[in-house]
Amino acid sequence: MTAQTETAAGRLPIAGAAEVRRAAVHLVRQDGRAVAAMLTLNGLAAAAGLGGPWLLGRIIDDVRGGAGAGHVDRLALGILCFAVAQLLLGRFARYAAHRFGERTLARIRERFVERSLALPASVVERAGTGDLLTRGTADVATVGTTLRDAGPEVSVALVQVLLILVAMLVVNPLLGLCGLLCLSGIWFAARWYLRRAHSGYLAEGAANSALAEILTSTAAGARTVEALSLQQRRITAAAEAVERCRATRTHTLNLRTVLFPVVEFSYVAPVAGILLLGGALRGTGTVSTGAVVACALYFWKLSEPLDKVLLWLDQLQRSNASFARVEGVGRVDVPVVAAAGQPVDDRIDVVGVRYAYQGERDVLHGVDLTVRPGERLAVVGPSGAGKSTLGRLLAGAETPRTGRVTVGQVPVAELDPAQLRRHVVLVTQEHHVFLGTLRDNLLMAAPTATDQELHAVLAAVHIDWADELPDGLDTELGAGGHRLDAQQAQQLALARVVLADPHTLILDEATSLLDPATARHTERSLAAVLEGRTVIAIAHRLHTAHDADRVAVMDGGRVTELGSHTELLAADGGYAALWRSWHGA
């Protein structure tokens, strides 16, 4: 399935094997010196580990030949020196590998954040925040564990395996080949496992993402779930997601229960085979006792690095699947914005716009609308009329299927995000409080703002609770600090908008969490603070329309009426009916 198909289906794509390899090679090249140092130290440590078995075989043969205690002591001292050298070199090798792993993990995290922030909002919404959240937490953590722990261990072990196999063949090729033949069971078992593990862990990751999406959406909409008595339906959906997670994890567990018993048996077979064959060859004088002992010890030592490789094989497969999911975020087609001219003014034009959500019928049908610079426009209408969709099109969060939306005669779709946000900002009823101080949460909208300006903005949106915070602007917000309720979070979002100072502000139920009196007071204060700016308010509370310069009434995806509050009441159409209904008349 292509990236475009996966994205269109509402799923974030997964990188293919070739893309994962290219990404891994690129990460290695970025820290080539560290990799070279790590491999060199690992090679030296593995080479030092070969000295002990070889010297022990020499001791046996020399003693049988009549060597004295002094000669044996010197060889034993050599074994001790090799052991100490292996210990020290192995320590430095792991230190270099851990430093490489941490630096590489930091690069992966930074690239993931950059790619995530570049994703179109519509893509994230269709895929669900649970999938993106799981990729940025669980999957990145899995890759980090591999880089920090599995990577160093496996790199050391592989070098040791290679050198031990070479040493065995040098000591006695026949015994070495016998041992390798007895190890063949590991190769068959590993091949069987690898064919199934990647898809199994991808399925496990997808199941985890689905579960995270259900849990986060249920928690976020807890009040709605309770109000509509949807508890049992959400519990059932969560139980089904948990069962899918259990099934996928049981599948990968079953794969491991086949692999590891075969591996454990394969460790014993080479030593037994070498001793049996060595005993037969020793009787004919073909090999010495020392050579048989040395080869047996080499295979005994081989079991340790092989055990590490195979024990980490599961982690490597899990990490491979996680890395494919992390890299998959980069496969999303982010629209390339062509060089656009500067808007000549702040006028917004909507011409012949039609829009349909993925796989659905049009929700907007040939909308035409002009928003004059500096005016306050209210967009009202029944639920499902297309008000929020129109707001998203005006803000550039969605692209019309046909027609065009322009600001200052420049299509919104041709403005890069930074340029667009200087002109148009959309504020919805969904708000986020970032970890950090109150000052940090405000300065992200205007990094150069002074404390005096921050206090003025807080007063403008009636954030009187800021004066009651223990450390004022330096109070930590969020988990571990002062927690804001939904109304306070909404006020904070509005304060950021005032600091951003766009020429057009789109409020999509942005004061819905405030009580009616506070909401109206806040909207009027915003209008005063943003004097000369264009404000488009999408609202159900019709007092917003009463205070606006013009009102656009939407119904069935069309603008059915447009005029001032007084004009529309006099026309006695749909708006007048809404007004009377809202007042209970």
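Analyst: Let's start with the term itself: a salt bridge is a side-chain nitrogen of Lys or Arg within 4 Å of a carboxyl oxygen of Asp or Glu. This is a predicted model, where local features need pLDDT of at least 70 and side-chain atom pairs count only at pLDDT 80 or more, while totals for chains, interfaces and linings use all residues. Residues are numbered from 1 along each chain as its sequence is written, and side-chain values use heavy atoms, with hydrogens and water left out.

User: How many salt bridges does the structure hold, and which residues are linked in a network of them?

Analyst: There are 15 salt bridges. R111, R115 and E327 are linked in a network.

User: What makes R103 and D31 a salt bridge?

Analyst: Their side chains meet with N and O at 2.7 Å, and the cut-off is 4 Å, so the pair qualifies. R103 sits in helix α4 (residues 69-118) and D31 in the loop between α2 (17-30) and α3 (32-64), so the bridge ties together parts that are 72 residues apart in sequence. "Helix" here means a DSSP run of H or I with at least four residues (strands are E, at least two), numbered from the N terminus.

User: Why is D31 called buried, and what does R103 count as?

Analyst: The scale goes by relative accessible area: under 20% is buried, over 50% exposed, and in between partly exposed (1.4 Å probe, protein chains only). D31 has 10%, so buried it is. R103, at 30%, lands in the partly exposed class.

User: What about R347 and D349: which is buried and which partly exposed?

Analyst: Those side chains meet in a salt bridge at 3.0 Å, N to O. D349 comes in at 14%, which means buried, whereas R347 has 39% and is partly exposed.

User: Why is L181 called exposed?

Analyst: L181 has 64% relative accessibility, so it counts as exposed. This leucine is in helix α7 (residues 173-182), and L177 is exposed along with L181 on the other side of α7 from the buried L175, G176, C178 and G179.

User: What makes a set of residues a nonpolar core, and which members touch the most others in the largest one?

Analyst: A nonpolar core is a set of buried Ala, Val, Leu, Ile, Met, Phe, Trp, Tyr and Cys residues joined through side-chain atoms within 4.5 Å. The largest has 29 residues, and Y193, L302 and L306 touch the most other members. Two or more residues come from each of α6 (129-171), α8 (184-220), α10 and α11 (289-328), with α11 giving the largest share, 10 residues. A second, separate core of 27 residues includes I348, L393, V407 and L415.

User: Which residues is L302 in contact with?

Analyst: Leaving aside neighbours within four places in sequence, L302 is in contact with V161, I164, L165, M168 and L183. Contact means heavy atoms within 4.5 Å.
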